[in-house]
Amino acid sequence: MTEKSNKEIRDSQSKTTLKKLIQDFYEQFESETIPHIVLPSRTKKNIELNENGDVWVYGDSESLRSAKTVKGANQLLKTSHVVELLIKGHLDQNKSSTLRELYYISENWDIAKFHEQAESDRLIEDLEIITGLQREDFHVRPEENGATLYGPIKIKEITKRGERTMHCQDDVGEAGYQIPYNVETIKFMEHDAKFIIAIETGGMQDRLIENGFDEKFDAILVHLKGQPARSTRRIIKRMNEELKLPVVVFTDGDPWSFRIYASVAYGAIKSAHLSEFMATPAAKFIGVQSSDIVEYELSTDKLNDQDIKALESELTDPRFETDYWKDQINLMLKIGKKAEQQAFAGKGLDYVTDVYLPERLGEMGVG
Amino acid sequence: MVIAEELAKKQKAISIAEFFEKNRQILGFDSSPRCLLTSVKEAVDNSLDACEEAGILPDIFIKLESKSRDNVTLIVEDNGPGIVKEQIPRVFAKLLYGSRFHSVKQSRGQQGIGISAAVLYSQLTSGRPAKIVSKIDRDAPAHYFELLINTQPNEPEIIGDKIIEWDRLRGTRIELEMAASYIKGRRQSVYEYLKDTAIVNPHARITLIEPDNNQIIFERATDKMPVEPKEILPHPHGIELGTLMKMLRYTESDTLDSFLRSSFSRIGTQTAKDICKKSGINPGKDPKIVALDEVKRLHEAFRKAKIQAPPTDCLSPITEELIRKGLEKEHTIDFIETTTRPAAVHSGHPFQVEAGIAFGGNLAREEKVEILRFANRVPLLYQQGACAIAHAVENIKWKNYSLDQPGGSFPVGPAIILVHVASTHIPFTSESKEAIADVPEIVEEIELALKDVARRLKLYLSRQDNLQRRREKEEIIQKILPRIAKKVGEILERPTPDITPVVAKIMGNVYIQRVVQQNGKGCDVEIRLKNHGEGTYSFNLHETLEYQIESASPEPKKIPIGKQTDHLWKIKLKPGEQKALIYRLNIESVEASKLPQLVVDGIDEELITGAKVVNV
């Protein structure tokens, strides 16, 4: 009962906030001002450490979106259409759409239709930034659920069919527990874990499960599935804060994987408005480090032009402005090589769980 | 034996062939593609010059045959005046033979080393004679010669000489076999050379048959012959000491005074007297016995005496119109501007610079601008970096003319820059005549010409830019803004907001609005004006009504038109300024809402929002 009315209150607040934005446009017309909105610049030049100095959020630099230009005017028109959908189609009728559905809905909007999904995704992010709300508040869902989790923890999830309690080793299949898109409904019951290991590839998570790494080291394995979804990042943060579990991130050794780590630990440039909600500053990078490629003599691929550009761009990314990361990036540029997580298989299937990870965990003092 | 005699034994005359072999590269015969290009160039230049001198529209045919990768037979045929039988052997098979060496006028070949050098190269590399056909008139016989150059005395050696049947009315044909190779797809190629030649010789038709039998025709764009350059006497400022000595020795004049007057341009009686006085030589002295130190003083006096600049009718510019036609026929472009500078002088030699800039069309957008260099209508393909034209292009700050110029070198963008320098004496950096030396007067003229066309390009580009901006604004106010207003009204369930003030703001217009308010029995009317533009605007505002207006401020001029009265205010608004005109009407507001539209005159329609613009 209270759950429901809480939701109603939240929805009505969201509606008011969205309407306020449209009211601004209306008043701008009436006061003979060219309609516009101001929002923070969403570039790597405009991210800075928050007050606690642990995660990266948007800085003071703002960009103006004004009907003075065709581009700006089109964006304002699209914004109006989206807000109408969110108010009248979602909040008023208690419905929701996925990001992809929203993109298709725009097909009927004539000149206001989106040319690609990235455009509508971005507009939803803009609305989050402008209103200070999250897309869940607008009833907008991501396409896929989060990735999977496996390890010695018992959780309770509130589903449409009531509460479900499960242990993420004993009550789930080999694929693990599926992280839902809204992880706020999850309660952590009890656990025997000593740390969390977030893993970039499914292949490596399977390897760790098959080798019994979770049991041997009392570890919760979280699959990142490439750039992690919001819910994945959020559940890692919640476990870290609420259960005080240390977090290590295990990715490929290439420039793109460095960014995966950065988005887990410091926040993503694209969604820096949510950093304080989703980033886990305590997360540590376990590997594959550039230095591991050399020390463990891993089999490698050559860096291609995009890789090199990505590394060079990271050198000017404030999130990587530490001695550790500068060394790692410059070393990779110097050796001109990258390596996958799976490269450890070249030394035997047990090598990663018996030698590499224990050595690294030892060095880092985790587990 | 005396040492000098010993040395004399070793000194033997260097044969012309040896000289050629040692100096191949400075004469333009180094790599095997370039040898072919130089040969084509010499033959085509000769043909164009010959046709022009005879007043014939050139029709030049070039055929290349290739037996192997490094062997080419070159055939060049023209419809020129032909060469008389006796002259043929010397024209083609004697180096440094030619009428042009001694004349002062603008011509393509300057030193007559041209075609015989190609003949020599051909004979050195293929061992075969040059085959020449020439016919001077419809009824005259066609003479066929096979010629070699006897290099020791530099004299022609006639291998064959006969009369043949030739289907041309008149003209000359040369066939040369040589070690050379035909290449395509780069700037320094026969194709590019002919294309550029066609641009600056729009009166010529040039046909090229490539070794694979592919035929390319560069069609003529005009039937107008270029103005025949006049021959002039040398100008005293352009004479070197040695030449002056030679002229003195071989003159037919009896006195220095008459020598000066008859050998140079711009020396009349007064000037001759002045020169003699300044050099301290008796005007009546026999020029043949003037001593060396006297020659030096005379040469010196040339600089000191006041002498008029040389005449410039010896130059034949391509003209602005024909450069335009030439560029247009070989490229698809959106914009072109050309200029022909007035003639100028460098060390006594008249010269004239012309420039053209073509923009847009299908020219490459991201690449460096192509620079087409010409000297006396001959394309320059090599040594661009050493050329005054390239330096002048680099000296200009192209950013000021709306073109990018990364690293301060050549500008980048979809453009072609053409520069033609015409002169009786082009100062080349070397004998291969591929780069014009950095003579300050010439560089300055090139820069002036380029700045002139660049200014016009900038104007064009800014106009295009304005048009684009205007189109964008129209899209905003006509398509997007009304939709935003409608949507915003729908969401808030309120009336659609009025967009006109915002439209005026976006357009940078003067916004005019009449606000009517009921007050007692009548209405208060306020006409609000606001200038959102960047300029100060003056115009007349007309409120034509059938009612009497009262308490107007400021008071308008009243002009009766039948039953109605035209109330006229003269308005002047600075940027950002706003004004209000108020008056009272003794009618109900319902009636007032039916008032006719405000009318404005004396200003462009697109500068006003909210009133009708009527300009008579």
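Biologist: How many residues of chain A are in contact with chain B, and how many of chain B with chain A?

Modeller: The model is predicted. On the two sides of the interface, the residues in contact number 26 in chain A and 27 in chain B.

Biologist: What area do chain A and chain B bury between them?

Modeller: The size of an interface is often given as the accessible area lost when the parts come together. Carbon and sulfur atoms carry 73% of the area here. The total buried between chain A and chain B is about 2400 Å².

Biologist: Which three residues supply more of the area that chain A buries against chain B than any other three?

Modeller: The share of this trio is 32% of the area that chain A buries against chain B. The residues are Tyr26(A), Phe29(A) and Glu32(A).

Biologist: How many salt bridges and how many residue pairs in polar contact are there between chain A and chain B?

Modeller: One of the salt bridges joins the side chains of Lys487(B) and Glu84(A), with N to O at 2.7 Å. Between chain A and chain B the salt bridges come to three. The residue pairs in polar contact, both at pLDDT 80 or more, come to five.

Biologist: Which element gives the largest share of the side of chain A that touches chain B?

Modeller: Helix H1 (2-30) and helix H2 (70-91) of chain A each supply at least two residues of that side. By type, the residues of the side of chain A that touches chain B are 13 nonpolar, six polar and seven charged. The largest share, ten residues, comes from H2(A).

Biologist: In the open sheet of five strands in chain B, which are the edge strands?

Modeller: The strand order is E19-E20-E17-E22-E24 in chain B, with mixed pairing. An edge strand here pairs on one side only. The edges are strand E19 (557-561) and strand E24 (612-613) of chain B.

Biologist: In what sense do E19(B) and E20(B) pair, and which residue of E20(B) does Ile559(B) stand opposite?

Modeller: Strands of a sheet pair through backbone hydrogen bonds, either parallel or antiparallel. E19(B) and strand E20 (residues 564-573) of chain B pair over five bridges, in the antiparallel sense. The residue of E20(B) opposite Ile559(B) is Asp566(B).

Biologist: Where is the cis peptide bond that involves Val288(A), and what is its omega?

Modeller: Most residues other than glycine have a negative phi, and most peptide bonds are trans. Val288(A) sits in the loop between strand E15 (284-287) and helix H10 (290-295) of chain A. The cis bond joins Gly287(A) and Val288(A), and omega is about 10°.

Biologist: What is omega for the peptide bond from Ser553(B) to Pro554(B)?

Modeller: Pro554(B) belongs to the loop between strand E18 (549-553) and E19 of chain B. The bond from Ser553(B) to Pro554(B) is cis, with omega near -10°.

Biologist: Is Asp110(A), with its positive phi, buried, partly exposed or exposed?

Modeller: Asp110(A) is not a glycine, yet phi is about 55°. Its place is the loop between helix H3 (99-105) and helix H4 (117-131) of chain A. Relative accessibility is 48%, so Asp110(A) counts as partly exposed.

Biologist: What is the phi of Lys225(A)?

Modeller: Lys225(A) lies in the loop between strand E13 (219-223) and helix H7 (230-242) of chain A. At 43% relative accessibility, Lys225(A) is partly exposed. Its phi is positive, although Lys225(A) is not a glycine, at about 60°.

Biologist: How many residues apart in sequence are the parts that Asp307(A) and Lys338(A) tie together?

Modeller: The closest N and O atoms of this salt bridge are 2.8 Å apart. Asp307(A) is buried at 2% relative accessible area, and Lys338(A) is buried at 18%. Because Asp307(A) lies in helix H11 (residues 305-315) and Lys338(A) in strand E17 (residues 337-338) of chain A, the pair ties together parts separated in sequence by 31 residues.

Biologist: Why are Asp293(B) and Arg297(B) separated by about one helical turn?

Modeller: The side chains of Asp293(B) and Arg297(B) meet in a salt bridge at 3.8 Å, N to O. Asp293(B) is partly exposed at 47%, and Arg297(B) is partly exposed at 35%. The separation is about one helical turn because the two residues are four residues apart in helix H10 (residues 292-304) of chain B.

Notes:
Residues numbered from 1 in each chain as written. Chains lettered and ligands numbered in written order. Predicted model: local features only at pLDDT ≥ 70, side-chain atom pairs only at ≥ 80, totals over all residues. Heavy atoms only, no water. Contact = heavy atoms within 4.5 Å. Buried area = accessible area lost by both parts, 1.4 Å probe. Salt bridge = Lys/Arg side-chain N within 4 Å of Asp/Glu carboxyl O. Polar contact = N/O pair within 3.5 Å; in protein donor to acceptor, adjacent residues only side chain to side chain. Nonpolar A, V, L, I, M, F, W, Y, C, P; charged D, E, K, R; others polar. Pairing = 2+ DSSP bridges. Buried < 20%, exposed > 50% of the residue type's maximum accessible area, 1.4 Å probe, protein only.
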